[in-house]
Amino acid sequence: MTPLRAKMLHQLQLHRLAPHTQTAYVRAVEAVARFYWRSPDQLTADEIRAYLHHLLVDRQLTWSTCNTVAAGLRFFY
């Protein structure tokens, strides 16, 4: 486990988020990192917006799914 992921998990636990929410938030950050092939702490705000637009328009994910991803990314940043 990377130190960045461990730090995020620690913060999620400190905020007492539900286990399912913790998993969803970690997966959201992991997915954006895989999309850009870079560590999420190196991404810009414009790249995050472009990724969320990609999820909504190109992949046509539901609003609730995109909202969960956005919440996870907001928590991370």
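How many residues does helix H4 have, and how far does H4 reach from its first C-alpha to its last? I looked this up first, bearing in mind that the model is predicted.

**Entry on helix H4.** I found that H4 covers residues 63-76 and has 14 residues. From first C-alpha to last, H4 reaches 20 Å, close to the 20 Å expected at 1.5 Å a residue. I then asked which residues of H4 are buried. I noted Cys66, Val69, Ala70, Ala71, Gly72, Leu73 and Phe76. The cover over these buried residues includes helix H1 (3-14), helix H2 (19-36) and helix H3 (45-58).

**Entry on the core.** I turned next to the largest nonpolar core and recorded 17 residues in it. Met8, Val32, Tyr51, Val69 and Leu73 have the most contacts inside this core. H1, H2, H3 and H4 each supply at least two of its residues, and H2 gives the most, with 6 residues. Leaving aside residues up to four places away in sequence, Val32 touches Leu43, Ile48, Tyr51 and Leu73.

**Entry on H1 and H2.** How do I describe the packing of these two helices? I recorded an angle of about 150 degrees between H1 and H2, with their axes 10 Å apart. Angles over 145 degrees count as roughly antiparallel, so H1 is roughly antiparallel to H2. The crossing in which H1 passes H2 is right-handed. For the residues that meet, I listed Arg5, Met8, Leu9, Leu12 and Gln13 in H1. Their counterparts in H2 are Gln22, Tyr25, Val26, Val29 and Glu30.

Technical notes: Residues are numbered from 1 along each chain as its sequence is written. This is a predicted model: local features need pLDDT of at least 70, side-chain atom pairs count only at pLDDT 80 or more; totals for chains, interfaces and linings use all residues. Side-chain values use heavy atoms; hydrogens and water are left out. Helices (H or I, at least four residues) and strands (E, at least two) are DSSP runs, numbered from the N terminus. The expected span of a helix is 1.5 Å times one less than its number of residues. Buried means under 20% relative accessible area, exposed over 50%, partly exposed in between (1.4 Å probe, protein chains only). Contact means heavy atoms within 4.5 Å. A nonpolar core is a set of buried Ala, Val, Leu, Ile, Met, Phe, Trp, Tyr and Cys residues joined through side-chain atoms within 4.5 Å. Axes are lines fitted to C-alpha atoms, for helices over the stretch in contact, and angles run from 0 to 180 degrees between N-to-C directions. Angles under 35 degrees count as roughly parallel, over 145 as roughly antiparallel, 65 to 115 as roughly perpendicular and the rest as oblique. A crossing is left-handed if the near helix is turned anticlockwise from the far one by less than a right angle, and right-handed if clockwise.
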